[in-house]
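Have the viewer open and follow along.

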Amino acid sequence: MAASCVSCGAVVSQRLLLRPRVSLAPRQVLWRAAELQSVPGPQILRLKHVTVVTTKKNVKALRRETYTVDFIKKQIEEFNIGKRHLANMMGEDPETFTQEDIDRAIAYLFPSGLFEKRARPVMKHPEQIFPKQKATQWGEDGRPFHYLFYTGKQSYYSLMHDTYGKILDIEKHKNQLQAKGLFSEKDKTTDLIGSRWLIKEELEEMLVEKLSDQDYAQFVRLMERLLQGGAAGEFVQSFRRSVTVQSEKQPIEPVQHDAQGMAFSTSEGRRKSAKAEAVVYEHGNGRIKINGIDYLLYFPVLQDREQLMFPFHFLDRLGKHDVTCTVSGGGRSAQAGAIRLAMARALCSFVTEEEVEWMRQVNSFAHIWNDVSRSSTAMHSNLPHKSSFRLDCSRLIRASANGRSRARREPAGSLPGRSAEYCQERRGRVHLRVANTHQ
Amino acid sequence: MAPALPRLLSAGAWPRPLRLHVLQAATPGPARPSGRTLGSAAAAAVSDPQAGSDLQDRVLSEPLKHADFFNVKELFSVRSLFDARVHLGHKAGCRHRFMEPYIFGSRLDQDIIDLEQTAVHLQLALNFTAHVAYRKGIVLFVSRHRQFSHLIENTARDCGEYAHTRYFKGGLLTNAPLLLGPGVRLPDLVIFLHTLNNVFEPHVAVRDAAKMNIPTVGIVDTNCNPCLVTYPVPGNDDSPPAVQLFCRLFRTVISRAKEKRRQVEALYRLQGQEGAEGRGPADPALPGTQASLDAGPSL
C-alpha cells in the first residue's frame, strides 16, 4: 500500500503526468522534403498538411507556458539592446528613443497590410508581451512558501483572511471603547463618492489569479462589511478606483446684445441630416419664426410643434421667449428635433445652473436618439450585400479546387471583412488544398 | 479503563515505514556528487555521503528510541479537557454508530465523550504530529467550519504549516500535479479540526488522504465517522474553547518538534566536529572526512 509514495519527488510525479494526456495538440505543419523527381526541368513542390502528434514532453510545455525569471530578464536585455540598434538604424538618438518612436520605426521597416492590428509586427517591452505569471511556489525542499498554497487561490484567500482580520480588530476596538463608554457614533467619512470597487478583471489582474463570480461577489460583500465597521482607510482605498464624473458641463453660450439692446443667445442643433441654428431672445411673446416663416405654417403637424414646445414647457417659460431660427436638411420630424436641440442649448444662458442640470438629466442635450438610417450591426454596413459573399466564396473554392489560383499570403486581402470565416460557416469544413505553382 | 497503549508507543522499536526512506530522498542533503562524476571527485565522494547519511540517520532515529520524546503528556490533562468542554457531544439522535465505543454515556439525551479514551488518543495524535514535524513533514490543517476558519488559518501560519479552510476543489490531493503545478509536494499529514463539511457530510479530504496514503489526525465528534481517520481523537468540535484548546495543542507540539530538531542537529554537528578534531592530529590521512563533517547536512 505504501508503494506508490506520492510525496516523493520528480519520478513519481512524472509518472502521474505522463499518464493519459496525449490530447489534441495543435497540429503542426511540416514541409516535407521535396521529393526531387529525376526528370530535369521545373520541379513542382507540393505543400501537404501533415498532422504531427506531439510527444508527451511537448504536451507538458504547451499546456502551461512558464517563463522563468531568467528568461524574462534575458528578454528585457535583448529588448533594450534591440531598441538601441533600432535607434541607430533610424538615425535617431538611442537615449531618447521612446515606445512611440519604436512603433513608428517598426511600421516603417516592416510595412504590413494585415487587417488584424494584433497580427502586425510589434516590438514592445517583454512585460507587455509575456503574461504575468507566478514564480514557482515552493522552495528546494518542496515546501510551499505561502501558508494557503494548498487552497489553490492563495492570494485571494489570503486577502479575504486579512480583511476579515481587520474586521475583527475593528469590532474588538469598538467593544473596548464601548466598555469604557468612550464610543460615539462618529460621522463616517463619505470619501467613497466618486469611486467604485474594482471590477472582477481588475482584481484578477491584481492577484494574478483566476476568480469565479461568486468569489468576486464575496469579496465585495466583505469589503462592504469592513466599511460598515469603520472609516475607510488606505487598505480599502487600494481596492477602489475613481469614477470619472458624469456631469459633463454643458457649455453655456454667452448672452449677446443686438442693435436694439435686446439680449439673445445663439446655438446650433442637429438631428439626423437636419441642421438648425436658433436665436433665442430673452424677452418675448413666444413667437417662433423658422426660415422667416411662422412655426404654425412651417410645421402644420401638431407633433412637430410639440417638439418645439418642450424646452420651454419644461422650464415653465412658455410664452416668455421669442425665437428666430434657420434650418436645412432632413425631413420635418428631423428638422423639428434639430430646432428643439438648438433652442434647449440656447436657453441655458438664461437659466440657473440647477435647471441646466435638470435639463441634462432629462436628455435635452443628448444626441443619442436611434439613427434608424444606420443599421446597428455596423460591421456589415460597409460590406457588400450578402449574396455577393456567396458568389465570392464559391468562386474561390472552385478556383482552388481546379488548382489555378495563386496562393495568397493574406487570404483576407482579396475579400473584404470576414468573408473567410463566412465561407467557413456557410460551407462547413472547407479543406483548402492550395498548390504552389512555381515556374 | 484506559485501553493498553498500543505497542507502537511502548516499545522503542518503530518499524521503519517506507515513508522514512521517501522523506530522506525528498529532503536534499548536502550537495552529494551524483553517480556520474568521474575522476578525483570519486575518491572524496566515497566518504562524503556515508558521513552525511550517518548524521542524518542518527538525527532521525534519535526520537524513535523514546516513548514520549517530545513530552506531549504534560501539555494537557483530563481536567483541562473537561474545562474546555471537550466531553460534550451532540444529541443521541445524531450519534454515529462507530462512535459508540468512545461515548461514556448520555445525560439528558446529550452524549458525553469518554475523556479517558480521548486523552489516550490525543496523546497518540500529538506524538505522531510531533514526529512528522520533527522530520520536516508538511502538515495541512483542514476544516470547513466557518466559525473557526480564521483561528485555524492563524494557527497554521504561526507554526509555519499550511491550512485549507475553504472550498475544497475536487482533485486537490488526487490530481495535484494538474491543479497545483507539476512537481508539487503533497502534505505528509492532514489534521482535521472538523471532519464534517457544511452539509454534515464527511469531508472529501478524509477519503482522498486515505487514497493518497497520507496519514490523518482528526477530531471526531459524536456525529462523525472515525473510520478512515488514522488517529481519531474523539472530542467536541463545536465549542470555541474546545477548538481553541486543540489549536493551541497542535501549535505547541509542532513548534516544539521543530525546535527540538534544530537542537538535535546542532548537537550532533558539534559532536561530529569534536570527534573529528579529536581524531585529526592522529589521523591526517583522512582530510575528506573532516571536510564532509564540517560541510555536514544543514537540513
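## The parallel sheet in chain B

In chain B, strand β4 (residues 139-142) runs parallel to β5(B), and three bridges hold the pairing. Two strands count as paired here if DSSP finds at least two bridges between them. Helices (H or I, at least four residues) and strands (E, at least two) are DSSP runs, numbered from the N terminus. Look for Leu140(B): its bridge partner in β5(B) is Tyr162(B).

Helix α6 (residues 149-158) of chain B packs on this sheet, touching β4 and β5 of chain B. The direction of the helix makes about 160 degrees with that of β5(B). For these angles, axes are lines fitted to C-alpha atoms, for helices over the stretch in contact, and the values run from 0 to 180 degrees between N-to-C directions. Contact means heavy atoms within 4.5 Å.

Zoom out and you get an open sheet of five strands with parallel pairing, in the order β5-β4-β6-β7-β8 (chain B). β5 (162-164) and β8 (231-234) of chain B sit at the edges with a single partner strand each, so one side of each has no neighbour in the sheet. On average, neighbouring strands of this sheet are turned by 20 degrees against each other, direction ignored.

## What you're looking at

This is a predicted model, in which local features need pLDDT of at least 70 and side-chain atom pairs count only at pLDDT 80 or more, while totals for chains, interfaces and linings use all residues. Residues are numbered from 1 along each chain as its sequence is written, chains are lettered from A and ligands numbered from 1 in the order in which they are written, and side-chain values use heavy atoms, with hydrogens and water left out.

## The two chains in numbers

Chain B has 10 helices and eight strands. Of its 299 residues, 48% count as buried; buried means under 20% relative accessible area, exposed over 50%, and partly exposed in between (1.4 Å probe, protein chains only). The accessible surface of chain B comes to about 14,200 Å², with 56% of that belonging to carbon and sulfur atoms. Such areas come from the Shrake-Rupley method with a 1.4 Å probe, and for residues only the protein chains shown count as cover. Among contacts in chain B between residues at least 6 apart in sequence, 70% join residues at least 24 apart.

Chain A has 17 helices and eight strands. Of its 439 residues, 29% count as buried. Its accessible surface is about 30,700 Å², and 53% of this belongs to carbon and sulfur atoms. For contacts in chain A with a separation of 6 or more, residues 24 or more positions apart account for 63%.

## The mixed sheet in chain A

Chain A has an open sheet of six strands with mixed pairing, in the order β3-β4-β5-β8-β6-β7 (chain A). Its edge strands, β3 (256-257) and β7 (293-294) of chain A, each pair on one side only.

β3(A) and β4(A) run antiparallel, joined by two bridges, and Gln256(A) stands opposite Phe264(A) in β4(A). Their hairpin has five residues between the strands, and Gly261(A) takes a positive phi near 85 degrees there. Next, eight bridges pair β4(A) with β5(A) in the antiparallel sense, with Arg271(A) opposite Ala274(A) in β5(A). This hairpin has two residues between its strands, and Lys272(A) in the turn has a positive phi of about 55 degrees.

Both strands are mostly covered: seven of the nine residues of β4(A) are buried, as are six of the eight in β5(A). β5(A) is also joined to β8(A) by seven antiparallel bridges, and one pair to find is Glu277(A) with its bridge partner Thr326(A) in β8(A). Helix α12 (residues 332-347) of chain A lies across β4 (263-271), β5 (274-281), β6 and β8 (322-328) of chain A, running at about 140 degrees to β4(A).
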